[in-house]
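Try each task before reading its solution.

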Amino acid sequence: MDFRLKVFYTVALRLNFTKAATELYITQPAVSKHIQELEETYKTKLFERNGSKIALTPAGDMLLQHTKSIFEIYRKIDFDMSVFASNRQGLLRLGSSTTISQYIISPVLAQFHQKQQEIKVNLLNGNTEQIENALINKEIEIGIVEGQSKNQSIKYIPFLKDELVLVCNSQNPMAQQNEISLNDLKSMKFITRERGSGTLEVIEYALRQVNLKITDLQFEMQLGSTESIKSYLLNSDCFAFMSTHAVGKELKNNELTVLDVENLTIERYFYIITLVGKSDPLSELFVQSMSAYYNLKL
């Protein structure tokens, strides 16, 4: 594999020479040298430079698409040829939304590594929208997300059922109520995830089914991770809809409590996502591991 292409690919994804150098464990001047050599080889500029910012030129964008295809072929060669050796080898680029990364997939990854020690896994974290974009841009081979959008180029496979429940600090005055009404929700202050989060999309859909809009709720703050929301709840009288997988420890320790909401149940599936028409043996091997761990038929 031409290392210069690997340098170019990393710079093209990060659009930052310093970050690329750190990721590749080389110096920034070395990164610049490799890019300059490629530009001399192809006799065209690959990046537009504007002060500290860079962007791909049309030629750079074309090279990026070819580079993605080349790397995909190399990955398949490594995996297919490793079948003839004692241990399978290869690189699995996996993307997962935040809740799944923290609470669902970690034990699967640990078990997968024990059985397939020669397979390297790169895990990209982000919200559902970011993971879908990474899949479409061929930055990952497989993703696991919280919501199902309508992107026609993505195949969605239901993976694991989940329920979102309304939680608050156990010391919250409302924590003693057996059930709250839908109208009560309008007077409560909520913490929620950012736009693009699969969790937020599921909440919006469920509220519409009971004639409530997301704008009917009062939001004190939007936070970028499940852990930050839990920490905020533990230090405030706010409320949040959260996955039962995410709050198990806090419920057990009586730090958070679940409030039942009249006529409101929020259920969803976590989805495995791949590109339509794309078959990747390493991804299939990982899906088999997930289905075995959770005793599912996928």
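**Exercise 1. Classify aspartate 80: is it buried, partly exposed or exposed?**

Solution. Keep in mind that this is a predicted model.
- Step 1: the relative accessible area of aspartate 80 is 41%.
- Step 2: buried means under 20% and exposed means over 50%.
- Step 3: aspartate 80 is therefore partly exposed, at 41%.

Now place the residue. Aspartate 80 belongs to helix 4. Its C-alpha lies 8.4 Å from that of proline 281, although 201 residues separate aspartate 80 and proline 281 in sequence.

**Exercise 2. Find the nonpolar surface patch that includes Ile77, and state its accessible area.**

Solution. 
- Step 1: locate isoleucine 77 in helix 4, which covers residues 58-82.
- Step 2: Isoleucine 77 has a relative accessible area of 42%, so it counts as partly exposed.

**Exercise 3. Describe the largest nonpolar core: which residues touch the most other members?**

- Step 1: the largest nonpolar core holds 25 residues, and Leu166, Leu185, Met188 and Leu264 touch the most other members.
- Step 2: the elements giving two or more residues to this core are strand 6 (154-169), helix 8 (198-209), strand 10 (239-243) and strand 11 (256-261).
- Step 3: helix 8 is the top contributor, with five residues.
- Step 4: another core, of 20 residues, lies apart from this one and includes Ile104, Leu109, Ile144 and Leu285.

**Exercise 4. Summarise the whole chain: how many helices and strands does it have, and what share of its residues is buried?**

Solution. 
- Step 1: the protein chain has eleven helices and twelve strands.
- Step 2: of its 298 residues, 47% are buried.
- Step 3: the C-alpha trace spans about 70 × 50 × 35 Å along its principal axes.
- Step 4: the accessible surface comes to about 16000 Å², and carbon and sulfur atoms account for 48% of that.
- Step 5: among contacts with a separation of 6 or more, 74% link residues 24 or more positions apart.

Note on methods: Residues numbered from 1 in each chain as written. Predicted model: local features only at pLDDT ≥ 70, side-chain atom pairs only at ≥ 80, totals over all residues. Heavy atoms only, no water. Patch = residues over 30% accessible without salt bridge, like charges linked within 9 Å, V, L, I, M, F, W, Y side chains within 5 Å. Areas by Shrake-Rupley, 256 points an atom, 1.4 Å probe, with all protein chains shown as cover. Salt bridge = Lys/Arg side-chain N within 4 Å of Asp/Glu carboxyl O. Helix = DSSP H or I, 4+ residues; strand = E, 2+ residues; numbered from the N terminus. Buried < 20%, exposed > 50% of the residue type's maximum accessible area, 1.4 Å probe, protein only. Core = buried A, V, L, I, M, F, W, Y, C linked by side-chain atoms within 4.5 Å. Contact = heavy atoms within 4.5 Å.
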